[in-house]
Amino acid sequence: MRMESPDMVSQNIAKLSKIFPNCVTEGTGENGEPVLTVNMEILRQMVTQEAAPGGERYEFTWVGKKAAIAEANKPIKKTLRPDVAHSKDWDTTQNLYVEGDNLEVLKLLQESYACAVKLIYIDPPYNTGHDFIYPDSFLMDDEEYANGADYFDLDGRVNFNRENSEKAGKYHSDWCSMIYARLLLARNLLTDDGAILINIDEHEIANLQKICSEIFGEANDMGTIVWDKRNPKGDARGISCQHEYILVYAKSRDVFLKTCRMRRPKKNAAAILKKAGQLYAKLGAGYTLDDINADFAAWIRAQKDFSGGEKAYNKIDADGDVYRPVSMAWPNKKKAPDDYFVPLLHPVTKKPCPVPERGWRNPSATMKKMADEGRILFGKDETTIPNSKYLLKDNMYENIPSLLYYGGSDTDMLARMDIPFDTPKVVHICKDHIQSFTGRGDVVMDFFSGSATVAHAVLQANAEDGKGRKYIMVQIPETIAAKAEAYRKGYRNICEIGRERIVRAGEMIRAECKAEIDDGFRVLKVDDTNRKDVCFTAQTYSQDMLAALENNMKEDRGGLDVLFGCLLEWGLPLSLPYQSQNISGCTIHDYNNGGLVACFDSNISAEAIKAMAERKPRRAVFRDGSFSNSKEKMNASEIFAFFAPDTRITVI
């Protein structure tokens, strides 16, 4: 029983939406949640034949957009705490696995990774009504919003299992605000020649394109890949969608195109060259070049998965090179300049060959040079128009097309790895894009990591081409339902699955590819700041507070926590080499092979300080509480002045 009178306003809005759907939009209710409302200006225009007065402009907005921008720019009192126990190869790896809300992580990485990430590759929630788990506090304070949105369960843990409610899920505002704030921050991390790839489906493609064009600039739209998954959705009530999208935006189109041609290897080129080599090796003893070409052409025709462009490379020349003939005709409808009509002489008959109706593709000097280099294919005599000779070995790459046909999944592979995860991204598709958009030593980031497919793809790409890319995975520790298979296998959140997948992927790739790769990762977790809250008003101080204020760091924070807090604050990368050493009972942290040394123990010995100074680091860091008095602090300065006068000493 409803126990209340009908909501006439909602009924009236529903009726209006059937007659004038363009007049019904989203507004903000009394509790700050999005509600359906009526745009009275548009409704008035719909029943008026004259244009209504008032200014107009082209814009894309929604309830909460301004708050989303404010949220992206608002600082947070958080840090990233190292988790060595759950890391792999902590001291040497250059990969990061960060656990926490990606909005907070993106804020924390703004200085350490500003303009440092070559490719951001994300697969955000599609806003289908069941996958939206990022209720950001755009309209209320954190606690009020969390309580109102059922963000936490009865035990105080993040409640990721709640479904997108009817009140919020059917509207776009929450999703737009969620992705907008994150993309604003993500853009800052891209290198000037970097790009972002975003997977999305039909639910939010229109909004995402507008958001990306606003944040990255419409001029930096590099195109959209339509991914035909060959599997129409069976529950569709309209046209059954069987495709998704991958949006591609550059940070700066002009800079991007100088380093990335957006090309991919021809998928079957290696197999074609291998087969040609096997046939060419039989040349002689009654097996002629004509026989080779006949067998090669038959083999090419029999390949079901070859594209038309690949099947065109069906000839082998006298040097054993695979080639295809390509027209040299002028490509435009307009006639070419006069110099493009100079005929070519047939090498045998010495007579001029026909010229294409609109002329050659190149001027006469270029055509002569191509003929001298043997890059032109002539017929048996001068009666046929010559073609250009394209060698496959010189054309191993092709442009990335706007259509991607793939209906498979990695379910079987994950089953072999014993990794329980539904609907993962496809490794080989991610790998192909990573190889197309990145190069040696580049950083790849995914802040909707899920099962860590992108990390898996980076490892696979590095094993194949040896380019040593690094990755940063970010994943909120989403709780796994007790009824799920992953829970029965011992996993309690998605981060545990992601970390384990990376470990097993590394083992599998090493075994299959026999390649040395960096398959380790440093685990970092979002937490409150390392520093105590010592901001009190004068009247709130008391005598018993003084002892607690002697140490400005929280009691549960160790030296490694403080060190990484410093790295974030000073904008230093978090993936440089690290090692620690015990000297005279003190733990000495060495970061980046002596670039930064630190000790945060109490009562640091002179021997430990001397050992630090002898490394002549760029920077030495101590905690104020490490020195019992000012004299000891001065002694430390004197030791560094003698052994390492150029070292910058910082006491926090």
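Glu464 lies in helix α16, which covers residues 453–465; helices (H or I, at least four residues) and strands (E, at least two) are DSSP runs, numbered from the N terminus. Because its relative accessibility is 43%, Glu464 counts as partly exposed, a class that falls between buried, under 20% relative accessible area, and exposed, over 50%, with a 1.4 Å probe and protein chains only. Glu464 touches Lys431 and Gln435, leaving aside residues up to four places away in sequence, where contact means heavy atoms within 4.5 Å. Glu464 and Gln435 are 29 residues apart in sequence, and their C-alpha atoms are 9.7 Å apart in space.

This is a predicted model, in which local features need pLDDT of at least 70 and side-chain atom pairs count only at pLDDT 80 or more, while totals for chains, interfaces and linings use all residues. Residues are numbered from 1 along each chain as its sequence is written, and side-chain values use heavy atoms, with hydrogens and water left out.

**The protein as a whole**

- The protein has 21 helices and 23 strands, and buried residues make up 45% of its 652 residues.
- Of the contacts in the protein with a separation of 6 or more, 70% come from residues 24 or more positions apart.

**The ten-stranded sheet**

- Ten strands form an open sheet with mixed pairing, in the order β3-β18-β4-β17-β16-β5-β6-β8-β7-β15; two strands pair if DSSP finds at least two bridges between them.
- The edge strands are β3 (78–82) and β15 (403–405), each of which pairs on one side only.
- From one strand to the next the twist averages 20°; for such values, axes are lines fitted to C-alpha atoms, for helices over the stretch in contact, and angles run from 0 to 180 degrees between N-to-C directions.
- Within this sheet, strand β5 (residues 117–122) runs parallel to strand β6 (residues 190–200) and is joined to it by five bridges, with Leu119 standing opposite Ala195 in β6.

**Helices on the sheet**

- Helix α7 (residues 173–189) lies across β5, β6 and β16 (443–446), and runs at about 155° to β6.
- Helix α15 (residues 427–437) also packs on the sheet, where it touches β5, β6, β7 (221–228), β8 (243–250), β15 and β16, and its direction makes about 155° with that of β5.

**The pair α7 and α8**

- Helix α7 and helix α8 (residues 205–216) pack at an angle of about 30°, and their axes are 10 Å apart.
- That angle makes α7 roughly parallel to α8, since angles under 35 degrees count as roughly parallel.
- Residues that meet across this pair include Trp175, Ile179 and Leu183 in α7, and Leu208, Ile211 and Ile215 in α8.

**The β1–β2 hairpin**

- Strand β1 (residues 24–28) and strand β2 (residues 34–38) pair in the antiparallel sense over five bridges, and the bridge partner of Glu26 is Leu36 in β2.
- Five residues lie between β1 and β2 in this hairpin, and Gly32 in the turn has a positive phi of about 90°.

**Helix α20**

- In helix α20 (residues 606–614), Ala608, Ile609, Ala611, Met612 and Ala613 are buried.
- These buried residues pack against strands β19 (578–583), β20 (586–591), β21 (596–599) and β22 (619–622), and against helix α21 (630–643).
- Just after α20, Lys616 takes a positive phi of about 50°.

Note on methods: Angles under 35 degrees count as roughly parallel, over 145 as roughly antiparallel, 65 to 115 as roughly perpendicular and the rest as oblique.
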